[in-house]
Amino acid sequence: SLGLCAVALALVLIEPAAASSGIPGLVAFLNGVMPKGGKSPITGKETSFISWQTMLSKLIGMLCSIPSGLAIGPEGPIIHICALMGHWVTVLCQRVEQKMFPGYYFTTDSTETRDFLATGAACGICVAFKAPLAGVMFVVEEASSFFTNRHLEYTFFACIVAYWAAKSIY
């Protein structure tokens, strides 16, 4: 248990943006404010709230801290990790598309980035609480000031897919 706690602690010291549950920062980002990730005391570098390093650190730290017996709730980190996965899968798909079609460059703007993070957060709530509609309603009511009806349909479909994928795993 102590070793797992030490791994989680080291990851938070390397990537301070992975320290909290992530929900307050995610709500701030979805409403147009870029939260600060903090400065790492080990590397001395500034960290980003939406970086892939934050996602990886939070994922490994959560996988180490929960079985070690620390009194943390996995729901908050799962929501932040799923939101970041929604963003980074989109970035990965864009990079693959740019390699396959060199003359075609598609990039997301800030509103699309917010939409993918919001959909990922909704899927995280859906998986954490086994409630697809709750994920959609959280994003519509609480998290996002910039939300369209078209995006609502996509988010609901993504939550249904996430629910059935999680249900098939456990």
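This is a predicted model: local features need pLDDT of at least 70, side-chain atom pairs count only at pLDDT 80 or more; totals for chains, interfaces and linings use all residues.
Residues are numbered from 1 along each chain as its sequence is written. Local features need pLDDT of at least 70, side-chain atom pairs count only at pLDDT 80 or more, totals for chains, interfaces and linings use all residues, and side-chain values use heavy atoms, without hydrogens and water.

Reader: Is Thr90 buried or exposed?
Author: Thr90 sits in helix 4, residues 75-100. Buried means under 20% relative accessible area, exposed over 50%, partly exposed in between (1.4 Å probe, protein chains only). Thr90 has 14% relative accessibility, so Thr90 counts as buried.

Reader: Which residues does Thr90 touch, not counting those up to four places away in sequence?
Author: Contact means heavy atoms within 4.5 Å. Leaving out residues up to four places away in sequence, Thr90 touches Thr108 and Phe116.

Reader: Which residues lie nearest the centre of the largest pocket?
Author: A pocket is an open set of points on a 1 Å grid over the protein atoms alone, where a 1.4 Å probe fits, with protein on both sides within 12 Å along at least five of seven lines. Lining residues have an atom within 4 Å of a point. The largest pocket has 21 of them, and nearest its centre lie Cys82, Gly86, Thr119, Gly120 and Cys123.

Reader: Which helix gives the most to the lining of the second largest pocket?
Author: Helices are DSSP runs (H or I, at least four residues), numbered from the N terminus. Helix 1 (2-14) and helix 3 each supply at least two lining residues there. The most, 5 residues, come from helix 3.
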